[in-house]
Amino acid sequence: MSLWSVLSSPVWGAGSVLLILVLLLRLSVQMWHKFYLWDLQHCSTDLTGKTAVVTGANSGIGKAVSQELARRGARVILACRSRERGQQALAEIQVASKSSRLLLGEVDLSSMASIRSFAQRLLQECPEIHLLVNNAAVCGLPTTLTPEGLDLTFATNYTGPFLLTNLLQGVTVNSVDPGVAYTKIMKHLSWSYRILFWLLSFFFKDSKQGAVPVLYLSLAKELDGISGKHFSSSCVITLPPEAAQDPHVAQSLWNTSVRLTNLDKVD
């Protein structure tokens, strides 16, 4: 069969159209990210003399955020659970950012004892923290309880960051949805989910694109003094779900979080 006859077949024709549509869709996603998101390259914020702490900084969005903060002159503490992976990330970020102001801090956000020890050491060495990025998160883990009796995923993703934030100096606090980015966070899920995620990753952000909304909250000068807001992945202030706007629910959540983390008890 000649090459022309193969290319002229209905099956090839349909496949070509599908491939072209997929490529055009991918291109449109990339163009949207480039022209409709906050432009990081036009932000002139310099962080020389500032100290930043980034949890989960050894990969994905956390690594991309750490690299940009370091490139802008910040002293960046990479708060990682694994010393080995943290040291590898630190070396790679040093090369990429050309910064020597990087430190590795070991902390397991599922362990309150680890968080308290980390915060104590951190404040002794860096009494002034200018920026805290609670980035670390896990998903797909089997049900496992921490020494405090909490679900490990819940502790890592919520009570750990809550405790760490409150143990450091008073801060303005905002939250942001980075959007769907293709990172290693799916590594604990089943193969079927991981394969599906990989197939769809063609349309997702990469780690650097996912880091842009986080960097917007970290660098944009127009956000100075703004606190208690939620931002979409498009870097726009949006209202959280209705339940999150209920002051009684908010107070109840705060009280429960304080109780679960023993935040009201002095060491």
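**The strand pairing and the cores**

T51 stands opposite R75 in β2. What you see is a predicted model, in which local features need pLDDT of at least 70 and side-chain atom pairs count only at pLDDT 80 or more, while totals for chains, interfaces and linings use all residues. Residues are numbered from 1 along each chain as its sequence is written, and side-chain values use heavy atoms, with hydrogens and water left out.

Helices (H or I, at least four residues) and strands (E, at least two) are DSSP runs, numbered from the N terminus. Two strands pair if DSSP finds at least two bridges between them. β1 pairs with β2 in the parallel sense over five bridges, and with β4, also in the parallel sense, over three bridges. In the latter pairing, A52 stands opposite L131.

β1, α3 and β2 make a right-handed β-α-β unit; right-handed means that, with the strands pointing away from the viewer, the path from the first strand over the helix to the second runs clockwise.

Is β1 buried or exposed? Five of its five residues are buried, that is, under 20% relative accessible area with a 1.4 Å probe and protein chains only; over 50% is exposed, and partly exposed lies in between. T51, V53 and T55 cover one side, A52 and V54 the other.

I turn to the nonpolar core, defined as a set of buried Ala, Val, Leu, Ile, Met, Phe, Trp, Tyr and Cys residues joined through side-chain atoms within 4.5 Å. The largest has 31 residues, of which W38, V65, L69, V76, L78, L215 and L219 touch the most other members. β1, α3, β2, α4, β4 and α8 each supply at least two residues, and the largest share, six residues, comes from α8. Apart from this core lies another, of 18 residues, including V107 and L168.

Finally, the aromatic pairs. Rings of Phe, Tyr and Trp (its six-membered ring) pair if their centres lie within 6.5 Å; planes under 30 degrees apart count as stacked, over 60 as edge-to-face and the rest as tilted. The whole structure holds four such pairs. The rings of F162 and W254 have centres 5.1 Å apart and planes at 70°, so this pair is edge-to-face. F162 lies in α6 and W254 in α9, 92 residues apart. F162 is buried at 10% relative accessibility, whereas W254 is partly exposed at 41%. F154, Y158, F162 and W254 form one aromatic cluster.
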